[in-house]
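Good morning, and thank you for coming. Please look at the sequence and the structure on the screen while I describe a few of their contacts.

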Amino acid sequence: MDSNGVELNRDKFVEMVSATAEVDLRLSDFHPDSCLQTPVHVVERARFPVIDYHNHLDSTDPRQVLSVMDQCGLEHVVNITMQVGQKALDIMDRFNAAAPDRFSTIGWMDWSGVDQANFVQLTIDRLQRMIEHGACGIKFWKDFGLTLRDTDGTLLRIDDDRFAPIFEACGKLDLPVMFHTADPSAFFEPIDARNERYEELAAHPDWGFHHSTVSKRELVEQRNRVIARHPTTTFVGAHCAESGEDLAYLSQQLEALPNLLIDISARTPELGRQPYTARAFFLKYADRILFGTDLLPEVEMYRLYFRFLETADEYFEYPSHASRQGRWNIYGLFLPEDVLRKVYRENALRLLPRLR
Ligand SMILES: [Zn+2]
């Protein structure tokens with residue numbers, strides 16, 4: 001065998017390994033320990049006060065969340081309620097009563113009545129009621145574009161003219177619109193041995209959209225047409241506007257759409273596996289990036305986010321839900337202080353007039 005492996009072609013190598021391995025190890029049983037020895041910097045508290053602009057607290061106890069926040073240096077958490085109607089208003093009231101300066105709530109788009117002629121007015125009335133209860137934004141989820149259907153069975157288009165007055169009203173009401181449109185690129189690929197998020201999708205096959213009749217790029221373009229059409233409305237693209245796998249494309253979108261900001265929630269695995277590109281992206285678009293997590297508020301989770309943004313640590317675990325996002329680790333971005341201040345807090349303050 002050539003010790004450099006140069007002359008060993010891949011087929012021969014696979015043949016050799018198969019012949020010598022005693023067992024054919026299952027992927028789910030493979031949990032290698034890294035032998036890499038590199039410095040570890042645990043960031044117990046963020047260097048500056050932090051606003052988590054993307055979280056879901058509906059089923060949490062505000063007092064427990066406050067305890068986590070105080071341990072990690074979090075000033076404020078924005079709860080994106082997943083309820084609509086009176087339930088959503090009750091949740092807003094609950095967090096306001098617990099600590100109005102520590103929590104805000106973004107409302108969830110209520111599609112009930114979408115088949116009615118007065119749906120636009122119905123929606124604007126609902127938005128106004130939410131604002132009376134302190135709502136600081138409205139979220140449109142991925143069902144818009146992927147699964148929501150018209151009465152005749154066709155998919156509702158994000159850029160359908162019928163909904164334009166809603167986005168226009170959000171601008172007049174000074175209510176930022178958050179879009180979670182489409183999903184990670186791997187979710188639009190078949191769930192097979194070539195899928196880089198195979199284990200996650202195998203655990204949640206309903207997260208896959210490879211049978212979708214509409215492509216991810218088409219959905220992103222529908223959303224971007226809406227953002228371009230309403231320049232006086234502020235939009236937030238959740239999860240790096242679902243373009244974390246392609247930061248050149250995300251940069252193009254930010255250049256073309258000055259009223260678009262993004263949050264980094266649930267995208268440290270994407271950003272942290274391309275640290276050179278991601279660091280340059282953060283430096284260039286420091287005014288457009290919001291800190292967010294989209295994970296249950298836990299001390300260790302927040303500390304991993306801080307480690308990613310603040311340190312130059314190499315090859316460490318990313319914050320994630322239990323089924324992980326893919327079999328890789330991440331690298332810290334060691335962002336400078338002025339960038340950290342903007343990403344952690346200042347950009348979010350622009351969207352939270354009550355806190356300014
Ligand atoms: Zn979320």
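I begin with Asp 287, which is partly exposed because its relative accessible area is 38%; buried means under 20% relative accessible area, exposed over 50%, and partly exposed in between, with a 1.4 Å probe and protein chains only. Before I continue, please note that this is a predicted model, in which local features need pLDDT of at least 70 and side-chain atom pairs count only at pLDDT 80 or more, while totals for chains, interfaces and linings use all residues. Residues are numbered from 1 along each chain as its sequence is written, and side-chain values use heavy atoms, with hydrogens and water left out.

Asp 287 forms a salt bridge with Lys 342, and their closest N and O atoms are 3.1 Å apart. A salt bridge is a side-chain nitrogen of Lys or Arg within 4 Å of a carboxyl oxygen of Asp or Glu. Lys 342 lies in helix α14 and Asp 287 in the loop between α12 and β8, so the pair ties together parts that are 55 residues apart in sequence. Helices (H or I, at least four residues) and strands (E, at least two) are DSSP runs, numbered from the N terminus. Lys 342 also counts as partly exposed, because its relative accessibility is 24%.

How many salt bridges does a search of the whole structure find? The count is 26. One of them joins Arg 327 to Glu 199, with 2.7 Å between the closest N and O atoms. This pair links distant parts of the chain, since Arg 327 is in the loop between α13 and α14 and Glu 199 is in helix α7 (residues 198-203), 128 residues apart.

Let us turn to another salt bridge, in which the side chains of Asp 313 and Arg 307 meet at 2.7 Å, N to O. Are these two residues buried or exposed? Both Asp 313 and Arg 307 are buried. The side chain of Asp 313 is also joined to that of His 41 by a polar contact of 2.6 Å. A polar contact is a pair of N or O atoms within 3.5 Å; within protein, one must be able to donate a hydrogen and the other to accept it, and residues adjacent in sequence count only if both atoms are side-chain atoms.

His 41 is located in the loop between α1 and β1, and it counts as partly exposed because its relative accessibility is 44%. Leaving aside residues up to four places away in sequence, His 41 touches Arg 307, Thr 311 and Asp 313; contact means heavy atoms within 4.5 Å. His 41 and Thr 311 are 270 residues apart in sequence, yet 6.9 Å apart in space, C-alpha to C-alpha.

Where is Thr 311 placed? Thr 311 is in the loop between α13 (299-310) and α14 (337-351). With a relative accessibility of 8%, Thr 311 counts as buried. A polar atom of its side chain lies 2.8 Å from the backbone oxygen of Arg 307. Among the residues that Thr 311 touches, beyond four places away in sequence, are Val 43, Phe 306 and Leu 333.

Phe 306 brings me to my last topic. Its relative accessibility is 0%, so Phe 306 counts as buried. The ring centres of Phe 291 and Phe 306 are 6.3 Å apart and the planes meet at 35 degrees, so the pair is tilted. Rings of Phe, Tyr and Trp (its six-membered ring) pair if their centres lie within 6.5 Å; planes under 30 degrees apart count as stacked, over 60 as edge-to-face and the rest as tilted. Thank you for your attention.
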